[in-house]
Amino acid sequence: MTDTSRPWRPTPLIVASAAVHAGALGYLVAEPSAWPLAIGTLVADQLLLTGAGLWPRSTVLGSNWRSLPQHSVLRGEVAITIDDGPDPAITPHVLDILDRYNAKATFFCIGERALEHRDLCQEIARRGHAVENHSQHHLYRFALLGLGGIDREIRLSQETITDITGQRPRFFRAPAGLRNPLLEPILARHNLQLVSWTRRGYDTRESCSTKVTNRLLQGIEAGDILLLHDGNAARTVEGEPIILQVLPRLLDAIAENKLRPVTLPDALI
Ligand SMILES: [Zn+2]
């Protein structure tokens, strides 16, 4: 373990799953004729683990921030998280809106897009926002990768973002929120905390900004982590990126509710 790692503590589901695997294999060796039961048990266990990985807000595979820590809740904080950028057509406008409201946000950037738009990625950090790890290539088969593939996607993005911003990411969000049981030990190795969300607006496929805004604002309260996109953003019928219509309304409502938008690293303090 290096100073940039944290210990991996398997969850009860992972411990139980390992025991089930060992038990089924031992049974198979002792009673080869009972293979249907042993194989059936292993398949059922795999299905359970796969199901947990398809549920972005699940915590049974490892630690997962679905809301902010309690001390941040008590301070009345919320986190706006913005995924899949940077995008030169959208991100500069997002930064200007955030500045107008004196609000800070967290950008889960894709490593290869950060490399394409280095200056823009630097500008995000320069304006006081957090740039965090959303993998290097945003592969939709991310949850199907093995140990080496997942580690590579995360390590390359850590190196890319650290090199561009001078700040080492402390948070990771999985592409499309999907993962497998191998992710948590790799995150521990890189000292990264997995983050999902409290609420999302489906702004990559919804063309009505009012619907997206309402989904994000319904029951908004301290501790919420809200998910928006500056990359892969859907457009209104007039062709405007959804996030540019949603963000001012969201920030107005956050102010009306006397909440304070902070970055995820600031919520740690
Ligand atoms: Zn994404």
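Predicted model: local features only at pLDDT ≥ 70, side-chain atom pairs only at ≥ 80, totals over all residues.
Local features were taken at pLDDT of at least 70 and side-chain atom pairs at pLDDT 80 or more, while totals for chains, interfaces and linings use all residues. Residues are numbered from 1 along each chain as its sequence is written, and side-chain values use heavy atoms, with hydrogens and water left out.

The zinc ion has as its protein donors Asp84 (OD), His134 (NE2) and His138 (NE2), which lie 2.1 Å from it. Donors are N, O and S atoms within 2.8 Å of the metal (3.2 Å for Na, K and Ca); water is not among the atoms, so sites may look incomplete. Along the chain the donors follow the spacing D-x49-H-x3-H. Asp84 is in the loop between strand E1 (77-83) and helix H4 (91-100), and His134 is in the loop between E3 and H7, 50 residues apart. Helices (H or I, at least four residues) and strands (E, at least two) are DSSP runs, numbered from the N terminus. Asp84 is buried at 4% relative accessibility, and His134 is buried at 2%. Buried means under 20% relative accessible area, exposed over 50%, and partly exposed in between (1.4 Å probe, protein chains only).

A search of the whole structure finds two aromatic pairs. In one of them, Phe142 and Phe172 have ring centres 5.8 Å apart and planes at 40 degrees, so the pair is tilted. Rings of Phe, Tyr and Trp (its six-membered ring) pair if their centres lie within 6.5 Å; planes under 30 degrees apart count as stacked, over 60 as edge-to-face and the rest as tilted. Phe142 is in the loop between strand E3 (130-133) and helix H7 (147-165), whereas Phe172 is in strand E4 (residues 171-172), 30 residues apart. Phe142 is buried at 2% relative accessibility, and Phe172 is buried at 0%.

Helix H7 has 19 residues and reaches 27 Å from its first C-alpha to its last, close to the 27 Å expected at 1.5 Å a residue. The expected span is 1.5 Å times one less than the number of residues. Among the buried residues of H7 are Ile150, Ile154, Ile161 and Ile164. The cover of the buried residues of H7 includes helix H5 (111-116), helix H6 (118-126) and helix H8 (183-189), where contact means heavy atoms within 4.5 Å.

In helix H1, the buried residues are Leu13, Ile14, Ser17 and Ala24. These buried residues pack against helix H2 (35-53). On the other side of H1, Pro12, Ala22, Val29 and Ala30 are exposed.
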